[in-house]
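Colleague: I am new to this structure and would like to go through it with you, one question at a time.

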Amino acid sequence: WREEFWALRGINLAVQPGETVGVIGPNGSGKTTLLKTLAGILGADQGRVAVRGRVGCLLSFGVGFNPTLSGRENVYLNGSLLGLARRTIDARMDAIVEMSELGDFISAPVRTYSAGMRGRLGFAIAVHIDPDVLMLDEVLGVGDAAFRAKTGTILERFRRERKTVVIASHSMGLIRETCDRAVWLERGTIRLEGPPDEVVQAYLKTTEAPG
């Protein structure tokens, strides 16, 4: 005997170009699974998923990095996996290093990086591949205030350029400040969807999550 478990069930969600959507919910609610499905990392057992354009994603710290390679070598590795030519990566390398704030550590093995350093490098790579759709899973809290301000500026630019951003986060402040719409997942289904303030307020009434 085995029990059937659906990580997501009955999800009906459309995100428009230029829209930033936040996904909230307790651990195990399906947030990461939803982003992995949208990014094409996981396939849907039922239904249909359609994503138009190049997808950039940072779904957890260190995923997609080879720990024995340097940060710089991992930039080339990630870029090539996303279909970028080496000359294109060459042209964007300085901007990636600058955004990651790694300095000379860009030449050190990634296994020596802290979670924050890996997160900053992953975010810098994800935004500099010039994606049409950007998926971020609980990564915008890394770095100091200056780095967080920099990421906010980039997300604003993405919005102006009509790019789509989907953010999964436990930071209710981030969702309120950054997103145009919020989706509350619970046990793999959408419990509530709408303006961030309304969805966050409803969510916080049922949980001890910090606001």
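Colleague: In which loop does Ser70 lie, and is Ser70 buried or exposed?

Modeller: This is a predicted model, and in it Ser70 lies in the loop between strand 2 (55-58) and helix 2 (71-81). A residue counts as buried under 20% relative accessible area. Because the relative accessible area of Ser70 is 11%, Ser70 is buried.

Colleague: Which residues does Ser70 touch, not counting residues up to four places away in sequence?

Modeller: Contact here means heavy atoms within 4.5 Å. With residues up to four places away in sequence left out, Ser70 touches Ile106, Ser107, Ala108, Pro109 and Val110.

Colleague: Which residue in strand 6 is the bridge partner of Ala182?

Modeller: Strand 5 (residues 181-186) and strand 6 (residues 189-194) run antiparallel and are joined by five bridges. In the hairpin that these strands form, with two residues between them, Arg187 takes a positive phi near 55°. As for Ala182, its bridge partner in strand 6 is Gly194.

Colleague: In what order do the elements of the chain run, from the N terminus on, and what is the radius of gyration of the chain?

Modeller: The chain has seven helices and six strands, and from the N terminus on they run β-α-β-α-α-α-β-α-β-α-β-β-α. The globule rule gives 17 Å for 211 residues, and the chain comes close to that value, so it is as compact as a globular protein of that length, with a radius of gyration of 17 Å.

Colleague: What share of the 211 residues is buried?

Modeller: Among contacts between residues at least 6 apart in sequence, 68% join residues at least 24 apart. Buried residues make up, of the 211 residues in the chain, 43%.

Terms used
Residues numbered from 1 in each chain as written. Predicted model: local features only at pLDDT ≥ 70, side-chain atom pairs only at ≥ 80, totals over all residues. Heavy atoms only, no water. Pairing = 2+ DSSP bridges. Helix = DSSP H or I, 4+ residues; strand = E, 2+ residues; numbered from the N terminus. Buried < 20%, exposed > 50% of the residue type's maximum accessible area, 1.4 Å probe, protein only. Rg over C-alpha atoms; globule rule 2.2 N^0.38 Å.
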